[in-house]
Amino acid sequence: MTARIARLTLVLVTLVLLQVTLFPHLRVAGVAPDLGLVATVIVAYRIGPDRGAVFGFAAGLALDLFLRTPLGLSALALSVVGFVTGAVSGALMRSAMWVPPLLGLLGGLVGGTVFVLVGVLVGQEHLWSLRSARVVAIGSVYDAVLTPLLFPVVAWAAGPPEEAVRSPAGWGA
Amino acid sequence: MTAFRRGTRRRSVVLLLLVTSITLITLDQRGGDSGVIGEVRDRARDVVAPMQRVVDDAFSPIDDWIDGARRGAEIERENRRLREELSEARGRAASGAAARRDVAALRKLAGLTFVPGEVETVVAQVVGATPGNFEFTVEIDRGSTSGVRSGMPVVAGDGLVGRVDRVYRHRSTVLLITDPSSGVGVRLADSGVPGVAQGRAGRTELALEFVDPTTDVEEGELVVTSGLEGSAFPPGIPVARVSSVSGSDRALEKRVLLRPLVDFPSTSLVKVLLWSPPGAQP
């Protein structure tokens, strides 16, 4: 348990640093991926919705430190992503290769939508725009593409699943 | 029974996380940058800033190359236009002193109390862009220890960059004029007609709003900060040029778009004007 927490913390810190330093330069159509969200999706897929939600909360909170939006907004969005992904993935064919990218896409859509809607509710009215819809859509595709690439390392950090086999063929770990 | 307990635990965990998130959002909204949250943000940015700078330096030539390849034709046109402007400017230079006297007199006549030349400035380096997708900000390496305060105007060689948003000890976040939550009080340099240059979500151009539809607006016309009473910016800072005008005089609204003078992605050095609107809290 302690080793798992240490591994996940290491992955989380590394991804947040990459998000803040490297990925502002690697935008596609002006949109950067959300590495914390991608990792949350994988953690939830591997070790369940409650732990996915906790990891999402930590990842979101770390990213919130570098954003202009209120602290806690990304944390809330990624908690929801972790929980929803963990819950949904239980009903999916876990060995299929297409599952992680699909969950990345779904997580991006859910996370982006929650972020925008809650943001508007707490006074970030500028988030209510067509551009936000475009950002969420492009960001979700970007997240989906990155999910298989991050899968081996995040799955390693999350450790073995407690229930049935959860490693889809081809993504390692 | 076990499944029931697990379900209850999951719901409790998620509920606890949601309540904690909402509490943090509320505390941050109410507390601003002071207190524990501001302190934690300050420390986190201090830790990451050197790494941001290293990555920025490494990516700068690549970004320039991509930008140049994408905007090759535009840069060529810009080059031609600048050469023409340079030759015109040389001709006008002789009468510059007289024009400055005229401007000073006009400022007095208009009742403007502020002259930008008297304002102290702090040079700052841009150390990073936002990691987020829903805001248009940059981070600079000057903060409250250099006298920077929230709301202060930030300029580059070509004109207005934005205003200081969040201030930490050694860092500040600058809200660019292209951010959708940014609105700058401006006036058309030729006609003097006031308006608001509003950031547009995801667009590099600004919208000029609250302009009288009967106003004659020409493409290429310079737009500067208005400096009207209560404005967040001193008067006369170049902001943008009119890039397109649509809508007839009879229309209820004229659609005027502005192209900012500052090329934000390639801006690495800025100046913070240590200025606050007259009457504002220091």
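Me: As I understand it, a residue is buried if 20 or more other C-beta atoms lie within 10 Å of its own, exposed if 12 or fewer, and partly exposed in between, with C-beta atoms placed from the backbone. So is Glu78(B) buried or exposed?

Reply: Glu78(B) is exposed, because 12 other C-beta atoms lie within 10 Å. Its place is in helix α3 of chain B, residues 72-93. Helices here are DSSP runs of H or I with at least four residues, strands are runs of E with at least two, and both are numbered from the N terminus.

Me: What kind of model is this, and how is everything numbered?

Reply: This is a predicted model, where local features need pLDDT of at least 70 and side-chain atom pairs count only at pLDDT 80 or more, while totals for chains, interfaces and linings use all residues. Residues are numbered from 1 along each chain as its sequence is written, and chains are lettered from A and ligands numbered from 1 in the order in which they are written.

Me: What pLDDT does chain A average?

Reply: The average for chain A is 88, and 90% of the residues score at least 70. That score is the predictor's confidence in each residue, from 0 to 100.

Me: And where does it stay under 50 in chain A?

Reply: Over residues 169-173 of chain A, for which the model has 15 contacts beyond four places in sequence. Two residues are in contact if their C-beta atoms, placed from the backbone, lie within 7 Å. Where pLDDT is low, the predicted coordinates should not be read in detail.

Me: What about the mean for chain B?

Reply: Chain B has a mean pLDDT of 78, with 77% of its residues at 70 or more. Over residues 108-115 of chain B the score is below 50. For the complex, the predictor gives an ipTM of 0.79 and a pTM of 0.75.

Me: Why does the radius of gyration of chain A agree with a compact globule?

Reply: Because a compact globule of 173 residues would have a radius near 16 Å, and chain A has 15 Å. The radius is taken over C-alpha atoms, and the globule rule is 2.2 Å times the number of residues to the power 0.38. The C-alpha trace of chain A spans about 45 × 30 × 30 Å along its principal axes.

Me: How does α1(A) do on reach?

Reply: α1(A) has 20 residues and reaches 29 Å from its first C-alpha to its last, close to the 28 Å expected. Its buried residues include Leu8(A), Val11(A) and Leu12(A).

Me: How many residues does the largest nonpolar core have?

Reply: It has 106 residues, and those with the most contacts inside it include Val154(A), Ala39(A) and Val223(B). α6(A) gives the most to this core, with 11 residues. Such a core is a set of buried Ala, Val, Leu, Ile, Met, Phe, Trp, Tyr and Cys residues joined through C-beta atoms within 7 Å.

Me: What is Val154(A) in contact with, leaving aside neighbours within four places in sequence?

Reply: Val154(A) is in contact with Val11(A), Ala39(A), Ile42(A) and Val43(A).

Me: Last one: how many residues of chain A are in contact with chain B?

Reply: 40 residues of chain A are in contact with 39 of chain B. α3(A) gives the most to that side of chain A, with 6 residues.

Conventions:
Expected span 1.5 Å × (residues − 1).
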